Amino acid sequence: MTKTRETTLAGRLRGRIEREGAISFRDWMHAALYDEQDGYYSARRLERWGRAGDYRTSAERSPLFAATFARYFAALYEALGAPRRLTIVEAGAGAGDFARGVLGTLRDDFPRVFDAARYVVDERGADASARVRESLAAFAGRVEFCALREIESPLDAGIVFSNELLDAFAVHRVVGRGGELREFYVGTDERGEFVWVERELSSTHLAAYFARCGVELAEGQIAEVNLAAEEWTACAARTLARGYVVTVDYGAEAEELYGAPQRFAGTLRAFRGHTLTADVLAHPGEQDITATVDWSAVRAAGERAGLETVLLMRQDEFLLRAGAVEQLERMTARAVCEAEALSLRVGAREMILPGGMSGSFQTLVQHKI
């Protein structure tokens, strides 16, 4: 049955704006991505992952990604003193490719770590959770489902991992006007189309954010503020008594993020069918919306919460340092045929060779010891 204007997400957002007036872009984006009924990450009708979807993560492009991180997690296990129990928490597990790859590699190559490992999946979307459960059926006795914020006692030995999670949080969008900050809201025009509206800041935390990073936006300069990324990092830190927070995403340090001329209009963008779309406000719930992560803010949030930064480097460099070449050799040696081995080598190119997709991502490792 075709949804009416009032029952579609776009219709419900228009109705809210008619009742309440323009709403902050952060609230509009949160609804577009996470509305329980029709949000991009909630709707069952959408194919988000893989070639048929809107994006492919590193874990979907090559099994080497998860296998190399499993190797790195095994090293962290030893750094933590080989505890009796190691809890790995993955926030935003997508279709479950990474979790399946990590658990499979630990079982095959690091059995002592596998025996100690408990894998906790934090995946908020009902559709995604169902896919992950199906993907991890072979490891059902070792996998639990629990939100990061609901883990009651700090983990004595834990690893909190996320891949392309922070860039999926709803962001505020601000602009410099007359030496002050103004915020973008979303309203509607006479035709009912969503349009940008400038208003006063919806939260005092926005001005404090720029004060902390020492950035003053130029006249007309637009920027995104991901307060949720700071909050998530603090939550991850609280989850650990001892352990590591490993965050993979695409981002930049504050100086580069807010100082580069090509980012004067911000980094907000939307994707549909692996294609950049022209209108971020079009078709809420039907396209992915994202913004580049401010690594300076994430690192500082972790430090305020008791984490120490271990490293921040390009993903391809990290994978090579973590033993990707050695892990690839193990995997190709076990391949059942030459076609499988060739597929592994081809997929590995984007992970570790210059110019591959990994060059656009970074890995941040923080710890509490």
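The model is predicted, so local features need pLDDT of at least 70 and side-chain atom pairs count only at pLDDT 80 or more, while totals for chains, interfaces and linings use all residues. Residues are numbered from 1 along each chain as its sequence is written, and side-chain values use heavy atoms, leaving out hydrogens and water.

A pair of aromatic rings is described by the distance of the centres and the angle of the planes. Rings of Phe, Tyr and Trp (its six-membered ring) pair if their centres lie within 6.5 Å; planes under 30 degrees apart count as stacked, over 60 as edge-to-face and the rest as tilted. The structure holds 20 aromatic pairs.

In one of them, the ring centres of Phe 69 and Phe 98 are 5.9 Å apart and the planes stand at 65°, so the pair is edge-to-face. Phe 69 lies in helix H4 (residues 63-79) and Phe 98 in helix H5 (residues 97-109), so the pair ties together parts 29 residues apart in sequence. Helices (H or I, at least four residues) are DSSP runs, numbered from the N terminus. Both Phe 69 and Phe 98 are buried, where buried means under 20% relative accessible area (1.4 Å probe, protein chains only).

Tyr 72 and Phe 318 also form an edge-to-face pair, because their ring centres are 4.8 Å apart and their planes are at 80°. Tyr 72 lies in helix H4 and Phe 318 in helix H12 (residues 315-321), so this pair ties together parts that are 246 residues apart in sequence. Tyr 72 is buried, with a relative accessible area of 13%, and Phe 318 is buried at 1%.

Definitions and conventions. Helix = DSSP H or I, 4+ residues; strand = E, 2+ residues; numbered from the N terminus. Buried < 20%, exposed > 50% of the residue type's maximum accessible area, 1.4 Å probe, protein only.
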